[in-house]
Amino acid sequence: MAPAATATLVILLVLLLGGFALASALNQSGTSSAGSSPAATQQSPSNSDPVSQQIGLGNRSPAERLVIPALKVDTHLVGLGNTPANQMELPPARGAGWYQKSVAPGQNGVAVLAGYISRRTGVPGVFANLRKLHRGDSITVHRKDGTTAVFQVTGVRSYATGRFPASTFYQGDGSPLLRIVTTGGRLTPKSPQGNVVVDARIIDVR
């Protein structure tokens, strides 16, 4: 089997098991099921915003706390690296994580946060209501250096299991962006099981 085909099979198997295969997928170009249409689209990401390109934090500092007022989420963030299999480490059972292979929130590029819809025990996870976010809702990330990056939701989308567009997940417009991803989620009760992704654009730094 060709290396690209083998990589694709590994990614799809991990997604089917409900794990995060983002790291291995994002580190390989053209080996995922990219290009597939979302299972359901609630809101689409907005086009490039010239204003947001003028806002940002140049230095890299770990993300430590996440606040989403609309969902009453206020949680600690841990750093997520890669497993020996080159896959994103699973987020903690409680709280969420910042993928350290992505940029720090507030820097130019796409910062990635990950968490559970529900924990393995069936208890709702920190992102249980992620699908309820709407365009315009705010997301605040507090960083270790004392600075804060404030984002505004531009879109919420869902991909059926095995349809995650891994090779394009990190693509942005050069401005500071935030993407929150979880597994096992649905946009609506009738949507297929899969990944819920929230897109957000920076609007302020403090």
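Trainee: How many salt bridges does a search of the whole structure find?

Mentor: Keep in mind that this is a predicted model. Side chains of opposite charge can pair when their charged atoms come close. A search of the whole structure for such salt bridges finds six.

Trainee: Which residue does the side chain of Arg 65 meet in a salt bridge?

Mentor: Arg 65 is partly exposed, with a relative accessible area of 35%. Its side chain meets its partner at 2.8 Å, N to O, and that partner is Asp 74.

Trainee: In the salt bridge of Arg 143 and Asp 145, which residue counts as buried?

Mentor: The two side chains meet at 3.1 Å, N to O. Asp 145 has a relative accessible area of 35%, so it is partly exposed. Buried requires under 20%. At 3% relative accessibility, the residue that counts as buried is Arg 143.

Trainee: How many residues apart in sequence are the parts that Asp 199 and Arg 179 tie together?

Mentor: The side chains of Asp 199 and Arg 179 form a salt bridge at 2.7 Å, N to O. Asp 199 lies in strand 9 (residues 194–205) and Arg 179 in strand 8 (residues 176–185), so the pair ties together parts whose separation in sequence is 20 residues.

Trainee: Are Asp 199 and Arg 179 buried or exposed?

Mentor: The cut-off for buried is under 20% relative accessible area. Asp 199 has 3% relative accessibility, and Arg 179 has 10%. Both therefore count as buried.

Trainee: Which residues do salt bridges that share partners join into one network?

Mentor: Asp 199 and Arg 179 meet in a salt bridge. Through shared partners, the network consists of Arg 157, Arg 179 and Asp 199.

Trainee: Which residues have the most contacts inside the largest nonpolar core?

Mentor: That core has 28 residues. Among the elements that give two or more residues to it are strand 2 (63–68), strand 6 (138–143) and strand 8. Ile 180 touches Ile 68 and Ile 139, among others. The residues with the most contacts inside the core are Ile 68, Leu 133, Ile 139, Leu 178 and Ile 180.

Trainee: How many of the twelve residues of strand 9 are buried?

Mentor: Strand 9 pairs with strand 7 in the antiparallel sense over eleven bridges, and Ser 158 stands opposite Val 196 in strand 9. Strand 9 is largely enclosed by the rest of the structure, because the number of its twelve residues that are buried is nine.

Conventions:
Residues numbered from 1 in each chain as written. Predicted model: local features only at pLDDT ≥ 70, side-chain atom pairs only at ≥ 80, totals over all residues. Heavy atoms only, no water. Salt bridge = Lys/Arg side-chain N within 4 Å of Asp/Glu carboxyl O. Buried < 20%, exposed > 50% of the residue type's maximum accessible area, 1.4 Å probe, protein only. Helix = DSSP H or I, 4+ residues; strand = E, 2+ residues; numbered from the N terminus. Core = buried A, V, L, I, M, F, W, Y, C linked by side-chain atoms within 4.5 Å. Contact = heavy atoms within 4.5 Å. Pairing = 2+ DSSP bridges. Lists of a residue's contacts leave out its neighbours within four places in sequence.
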